[in-house]
Amino acid sequence: MESKDKIVTSLRKKLLIELAAMLGIAFAVSILLGFVYGGVNWIATGFIVLFAVVLVLGERLAVILWKPPSYSPEELKELVEQNRLKWIQRLGWRWEVCAGALCKLDNKTGETLEKIDRQGLTEVWGVNTDAGPFSEDFWLVTNCGGREYAIGSELWTDDIRNWFFALPGFDHDAFSQCMACTDNRRTLLWKRTGTDE
């Protein structure tokens, strides 16, 4: 699955941020105790608490740094789908493959809000940003009929990926590089030629 490395990296970053926050809180509490009670003993106690937190979390930190979480393909697919459903619920619309085209559908009414058909498609770009892991950071941006449409990776399904992969001449290697990219970048993945149907 293309999203495996990205998901594991995202989970690792989230856990590291969580640990940093907990250590920061413990340190702040130790300083606060020192100021409130004005005694060296309270400051020392605070640092002992901080040290205890480090000891308790040390094993978990080591696991995160040197032994990333392991997930089966089925578990990864479930994680991706759960994340996609959360985004769909938040946005109020979704992308689906319908009658050979990509359709943006209203969640409540099922009405087609926008449509990307193969005949009008001229380019597909992979657009990365450094906004991850908590914000969307990879889109497939299409140029269709003179308009650009962006479909974030959080909303992809297997059908949507396969719709793009089936384009003749689609650059799968460049796509894989985009999936692993964490920088701000725009990469051409496909462009219509005179022989494309």
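Reply: With the aromatic pairs. This is a predicted model, and a search of the whole structure finds five such pairs.

Me: How do I read the geometry of Trp163 and Phe164?

Reply: Look at the angle between the planes; over 60 degrees counts as edge-to-face. The planes of Trp163 and Phe164 stand at 85°, with ring centres 5.2 Å apart, so this pair is edge-to-face.

Me: Are Trp163 and Phe164 buried or exposed?

Reply: Under 20% relative accessible area means buried. Trp163 has 4%, so Trp163 is buried. Phe164 is buried too, at 0%.

Me: What kind of pair do Phe165 and Phe170 form?

Reply: A tilted one, with 55° between the planes and 5.6 Å centre to centre. Phe170 is buried, with a relative accessible area of 6%. Ring pairs also link Phe165 and Phe170 with Trp156 and Phe175 in a cluster.

Me: Which charged residues lie over the faces of Trp93 and Trp125?

Reply: Lys104 lies over Trp93, 4.0 Å from the ring centre. Arg186 lies over Trp125, at 4.7 Å.

Me: Now the sheet. What is the strand order?

Reply: S1-S2-S3, an open sheet with antiparallel pairing. On average, neighbouring strands are turned by 25° against each other, direction ignored.

Me: How many bridges join S2 to S3?

Reply: Four, with S2 covering residues 101–106. Leu102 has Ile116 in S3 as its bridge partner.

Me: Which helix packs on this sheet?

Reply: H4, residues 158–165, which touches S1, S2 and S3. Its direction makes about 55° with that of S1.

How values were computed:
Residues numbered from 1 in each chain as written. Predicted model: local features only at pLDDT ≥ 70, side-chain atom pairs only at ≥ 80, totals over all residues. Heavy atoms only, no water. Phe/Tyr/Trp six-rings, centres within 6.5 Å; stacked < 30°, edge-to-face > 60°. Buried < 20%, exposed > 50% of the residue type's maximum accessible area, 1.4 Å probe, protein only. Lys NZ or Arg CZ within 6 Å of the ring centre and 35° of its normal. Pairing = 2+ DSSP bridges. Helix = DSSP H or I, 4+ residues; strand = E, 2+ residues; numbered from the N terminus. Axes fitted to C-alpha atoms, helices over the stretch in contact; angles between N-to-C directions. Contact = heavy atoms within 4.5 Å.
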